[in-house]
Amino acid sequence: MKAVKGRYYFGGVHPRGGKELAQDCPTEVMPLPEEVAVSCAQSLGKPAEPIVKAGQTVKCGELIAKSDGAISSDVFASVSGTVTEIKELTAANGAIESFIFIKSDGKDEKAYLPPLTEPDAEAIKARIRDCGIVGLGGAGFPTAVKVAPKTQVDTLIVNGAECEPYLTCDHRLMLERTDEIVRGARYVARALGVTSIIIGIEVNKPDCIAKFEPYEDIKVVKLAKKYPTGGEKQLAYITTGKRIGHGRLPADYGITVQNVATCFAVCEAVEQGKPLYERVVTVSGKAVKQPKNLWVRVGTPVQSIIDYCGGEVTEQIIEKDLQTVKIDVKNKTATSENLVTEKSTVKKVVQGGPMTGVALADYDCYTHKTTSGILLLNKSEAAAEEPTPCLNCGKCADVCPMHLMPMNTAFYSAAGDFEAAAKYGNTAYCIECGACEYICPAKRPLIQAIRKTKAYLRNKK
Amino acid sequence: MDNSIVISTPPHVKSKRTTRGIMLDVCIALAPAAIAGCVFFGWQALLIILMSVFACVATEFVYFFIANKGFSEKCKNAKAVCLRWTKQFDFTSVVTGLILAMIIPTTDKWYQVLYEVIFGAIFAIAIVKMLFGGTGKNLVNPAAAGRVFMALSFTHLVATSGFVGASFGPISDSSLVFTDATNLAGLLTNGLDIAPSSYLSPLDLLLGTGVSGCIGETCKLAIIIGYVYLCIRGVIKWWQPLLFLVVLGFTAVLLAGFTFDKYTFDIALFLPSVLSGGALFGAVFMMPDYVTSPKGVWGQLLYYVAGAILLALLRHFTRMEVISFVILLMNLVTPLIDKYLIRRPFGYIRQKKHKEGK
């Protein structure tokens, strides 16, 4: 259907570009890594239980960890080969997760589930659960739980906003796999018994909007180029006008929000029986040589992704103190040259988007199902400035999409009074989009204060 | 891999705006008014502005040097302390100095003003700002407080040319006649019996020609240029000064209409009441001061509307320009507004109160 304009919502920021680096790079399949380390905690909720042992041979797509509990998802081998070991490591976000190391045999033998033809709602739901599909937008909520709501849902919103700067994986996917995304959305709609499908796309992706317009059963909503338009509550408000209350689920309002990458994964799961073991990852930032959009297996080491993209951008530094002296004996002259060293320009390594992602300490990490990007930011991009005193300018409150007062949270939590921080800042509502800290002219660590307050509220319960 | 990699909580990209940048923007916005002041009042005005800025920055530096522990330690490596000071220097004291100089008048005794402004600057920076914790922690606008301190300490700034209360508004220079100079005050004192035409025209008020007053407040056009610049740069919200001025104008018109026997509503008084005195300067440069104004939108609405009504009332009944006092009063109310007007979050669900005894 012809694209319509979305509603206006208060707040939000306009982060400067970053998308231009990788948005014109078509997706390419990354060569198989030699070894992958698949984490068992790939989704929100309880981590999965490993069902393989060291030394066992597995095929690509084989179940290696079984979901445990209601909110949990299955984990699959992303390469074929032998399981070398299962050990607990500290993941990028600081949590201790058990990783299953698989050494690739290079054959890449596939073990898929049988494809479904004309499936009914129950079959689709079962397939989504069996293929371990999680929300690929970032949070990683198991899709199987989302497609089995307690209340009747009538609207499916496909989230194609991709409002985070730098990330272009959804953009490329929407351009290249439009038909699969639409089919996947229809499968989800059939599973839910949904009548209307809405897709929200930001106006900075006019090519994607044009791609989706020919589909008659899909309503395309043009979203303003603003962050965090792709937030679940914001997107639901922009496209349907419904305000999702605090502590309620979108399903309570008859809405389900699914990411475009999730829809694509559902389509592959239903039509090919392919479990979720690979996804598009944007490798971008000004400190990486060749920004790319790659099909990356889950559990690929970050180091090998960076190497495939040409490595880090380096700069030459002339060391003034160190000089090499060349002595020409014949002519009895001596020349001195400054020693030049190559230095990496990387200032920050981010897994995920720059607004909500996790900063990595080194490349010794592995991708997850939810890893949408690997960003290497240089000094001018990564804001690594010392905070200055709060000006009380209120810009954080102006841009807050949830209409909160982050400066109050920061003020009271710095004083250790978390009760007041939660009361005057309404911290419980915060979606941690990071807009407040982005805009802060004093570079205050607001999200840190909010997380501290939230941790206090959690522990109090 | 280099070990200079930074780890932090998200977001990992931030806007380029800094406190220093914003304060520099305010300085740039103040420049037209300052230049206009120098053109109208001569080199004495320039001298006062420079003196005020210098005094403010110097006070901040001295305070930075002597405050906190380890004075003798600091004396030993003074160079490092100076470097640290320049690193954290954010131009707020320059803004304070500029504003303070621009809201005082030049008189015949300009040399007196020149040293009096030093006291104002010391009071504004050392006592009002730094003692409360420096940038962002001051309770009231330092420039307004410094101005009031000066007015109360040096009476000639209040009673120049024999007109009480001219100090905050267009002050009458000895060369200018009473009605011309104190357009607003004269207007309000005489009520509506004198036709507005006998005063300065709104155009004169706008350009500041024939009006004498405070250095930065006379040329309204220059202030409007600064206002437009601030709005374009996103430093202040465009509606805030406008709201203040519109409410002020209408309240003044309404109040002026009341006389003992009859009520006349004369919209012609709107422009003079808005354009005369320090209202415009205060509304653009002093009321929206980040530190001392409320943060939520509703709080800001209340702040500007209440401030405007208060200013109109006080102007009407005291026959003085009292914008500095009004700003101080509203600054003091701001923490209360912030405390009781908490924004309602997006997706707020009204809690149903459970009836007791069920």
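The legends below describe close-up views of a predicted model. Residues are numbered from 1 along each chain as its sequence is written, while chains are lettered from A and ligands numbered from 1 in the order in which they are written. Because the model is predicted, local features need pLDDT of at least 70 and side-chain atom pairs count only at pLDDT 80 or more, whereas totals for chains, interfaces and linings use all residues.

**View 1. Domains 1 and 2 of chain A.** The domain assignment, whose bounds come from an automatic or database source, divides chain A into domain 1 (4-27 + 113-278), domain 2 (31-111), domain 3 (281-377) and domain 4 (395-460). The C-alpha centres of domain 1 and domain 2 of chain A are 26 Å apart, and 12 residues of domain 1 are in contact with 14 residues of domain 2, contact meaning that the C-beta atoms of two residues, placed from the backbone, lie within 7 Å. On the domain 1 side, the touching residues comprise eight nonpolar, two polar and two charged, where Ala, Val, Leu, Ile, Met, Phe, Trp, Tyr, Cys and Pro count as nonpolar, Asp, Glu, Lys and Arg as charged, and the others, Gly among them, as polar.

**View 2. The side of chain A that touches chain B.** Here 55 residues of chain A are in contact with 34 residues of chain B. At least two residues of this side of chain A are supplied by each of β17 (333-344), β18 (346-351), α12 (435-439) and α13 (446-460), helices (H or I, at least four residues) and strands (E, at least two) being DSSP runs numbered from the N terminus. The largest share, five residues, comes from β18(A), and by class the side of chain A has 33 nonpolar, 12 polar and 10 charged residues.

View 3. All nine of the nine residues of α6 (residues 232-240) of chain A are buried, a residue being buried if 20 or more other C-beta atoms lie within 10 Å of its own, exposed if 12 or fewer, and partly exposed in between, with C-beta atoms placed from the backbone. Among the elements that cover these residues are β10 (155-160), β11 (196-202), β12 (218-223) and β13 (255-259) of chain A. In the loop between β12 and α6 of chain A lies A:Pro228, which is joined to A:Tyr227 by a cis peptide bond with omega of about -5°, and just after α6(A) the residue A:Gly241 takes a positive phi of about 85°.

**View 4. The packing of α12 and α14 in chain B.** The axes of α12 (residues 239-257) and α14 (residues 279-286) of chain B come within 9 Å and cross at roughly 150°, these axes being lines fitted to C-alpha atoms over the stretch in contact, with angles running from 0 to 180 degrees between N-to-C directions. The two helices are therefore roughly antiparallel, a term for angles over 145 degrees. The contact is made by B:Pro241, B:Phe244, B:Leu245 and B:Leu248 of α12(B) and by B:Ala279, B:Leu280, B:Ala283 and B:Val284 of α14(B), and it has eight nonpolar, no polar and no charged residues.

**View 5. B:Phe91 in its loop.** B:Phe91 is placed in the loop between α4 (78-88) and α5 (92-102) of chain B, and its phi is near 70°, a positive value in a residue other than glycine. B:Phe91 is buried, with 20 other C-beta atoms within 10 Å.

Key:
Parallel < 35°, antiparallel > 145°, perpendicular 65-115°, else oblique.
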